[in-house]
Amino acid sequence: MRGYLTKETRLGISLTRLKASVAKLRLQVKELTQKLKEKDIRIAQLEAKLEDKEAQRKELLSYLYKPNKKYKPDKLPLGKKPGAIGFHRPKPKLEEVTERHTYTLTRCPGCRGPVGQAVDQVIKYEEDIILVPQKSVKEFTITRHWCPKCETYVKSAQVPPISRIGLKTLGYILYARYRLRLPLERIKESLADLHSLKISEGEIVSKLQEAKIMFGKDYEAIKVLIQSAKVVYADETGWRMDGQNWWLWAFVNERGIQYLLEDTRGKGIAEQALGDKTDRVIISDGYAAYKNLPGDKQQCWVHLLRSAKIHSPPLYCKLAILYHQLLRELEKPPNERNKQYFRDRLDTLAEKKDQNLGNLKVQARITRDQDALLTCLDYMDVLPENNTAERAIRPQVVMRKIFGGSRSINGAKAHAVNTSVIETMRKQNPDNNFFEIMLPLLEKRIKERHDSHSEL
């Protein structure tokens, strides 16, 4: 019969088909086995990378958080920690006591019978202030006499320096303006409320200008102090002067603070303020005005970390770990510090493996400023951050928000001089209060001014 296949032929065809299917399945198994090996390798790589990232995370947490402090998602209990020592207001000294009152008994309040001798006693203290002290008004009578020999009018050489507004009022105006940061109207109001002293805003401005003149010698000394310093922290911020954009500069070292109010942010201001001293270190946030000044430069790591946190969080984590390693390294003497290690680490972080725009921006800054980031390793008392200048400029920013800036160039110059002298004196006398520091200085400058006028 046509088309009829024998049993042997059909079995042969089935066998051929099965062999082809087996060959195809073997090829698929081979391909799947290869893919499985590649997956295993990839999984191993990812696990290794995960372990590395976890180790970095734990190391970073050890820097950012206190040891043995467990994170608790619930609200933490209020109050002091168990076992912590409680705080008690210290007892006043005996010489500070202005009033003494004793309350004792001779008869029982209940039965009205006599009582025996006191068996014990309790002493308690109450501290208070004089809320509205009386102002003092001094009257000076100065007689003049005709000298026939000299043919002129003469008066006593013992006449002290006399001002319509006294020394202590001037001290309070400086305190209220630059420490309490009160506007002129509030200073006027506080003097009227607390001391029944009526004074106009114009008189307050005049006293601030008078203080600027008296502090001229001290401000010049601060200039020399900054120019001769071996380590200077520098920063600048915006300032408003009669509606115009000005700049407030701050130059700080361990002994003083100099403020400048200028109409420009150009490098000429920094050149004039810092002078041409070569054996020094200037710490800044990386602003270009300080780049070509004489001396070594140290750039702020905190500003670098802030930029990295915004543009490249993974790179920020690595930089944060390196920064805390740097802080530990600075605890060693300069000759024992391993500067090459930090160079190598920065080189590694600056390698452009990832073409992400944020990474490239931070890496470009690392490459450009690598030397300036590690200058602190060569010196004993140089910090790797500019927080010293930031803290010095912060009170000025607060005053700027309250006052809105200055109204005149004379007011701006007076602000710069007065705040420079006050903050320098506070920095040099951290254990004394404002009036213990400033009133003797004002008294000295007023006397010098009076003596110089007397000689004329």
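This is a predicted model: local features need pLDDT of at least 70, side-chain atom pairs count only at pLDDT 80 or more; totals for chains, interfaces and linings use all residues.
Residues are numbered from 1 along each chain as its sequence is written, and side-chain values use heavy atoms, with hydrogens and water left out.

Let me begin with the rings. Searching the whole structure gives nine aromatic pairs, where rings of Phe, Tyr and Trp (its six-membered ring) pair if their centres lie within 6.5 Å, and planes under 30 degrees apart count as stacked, over 60 as edge-to-face and the rest as tilted. One of them joins W249 and F251, whose ring centres are 6.1 Å apart and whose planes meet at 15°, so this pair is stacked. W249 is buried at a relative accessible area of 0%, and F251 is also buried at 0%; buried means under 20% relative accessible area, exposed over 50% and partly exposed in between, with a 1.4 Å probe and protein chains only.

Y341 and F342 form an edge-to-face pair, with 5.1 Å from centre to centre and 80° between the planes. Here Y341 is partly exposed, with a relative accessible area of 33%, whereas F342 is buried, with 1%.

Which residues do ring pairs link into a cluster? They are W249, F251, Y287 and Y290. The charged end of R265 sits over the ring of Y287, 4.0 Å from its centre, and that of R144 sits over the ring of Y153 at 4.9 Å; the rule is that NZ of Lys or CZ of Arg is within 6 Å of the ring centre and within 35 degrees of the ring normal.

Now to the helices, which are DSSP runs (H or I, at least four residues), as strands are (E, at least two), numbered from the N terminus. Helix α2 (residues 167–178) packs with helix α3 (residues 184–195) at about 130°, their axes 10 Å apart; axes are lines fitted to C-alpha atoms, for helices over the stretch in contact, and angles run from 0 to 180 degrees between N-to-C directions.

Finally, H88 is found in the loop between α1 (7–64) and β1 (145–147), and at 66% relative accessibility H88 counts as exposed. H88 and K49 lie 39 residues apart in sequence, and their C-alpha atoms are 53 Å apart in space.
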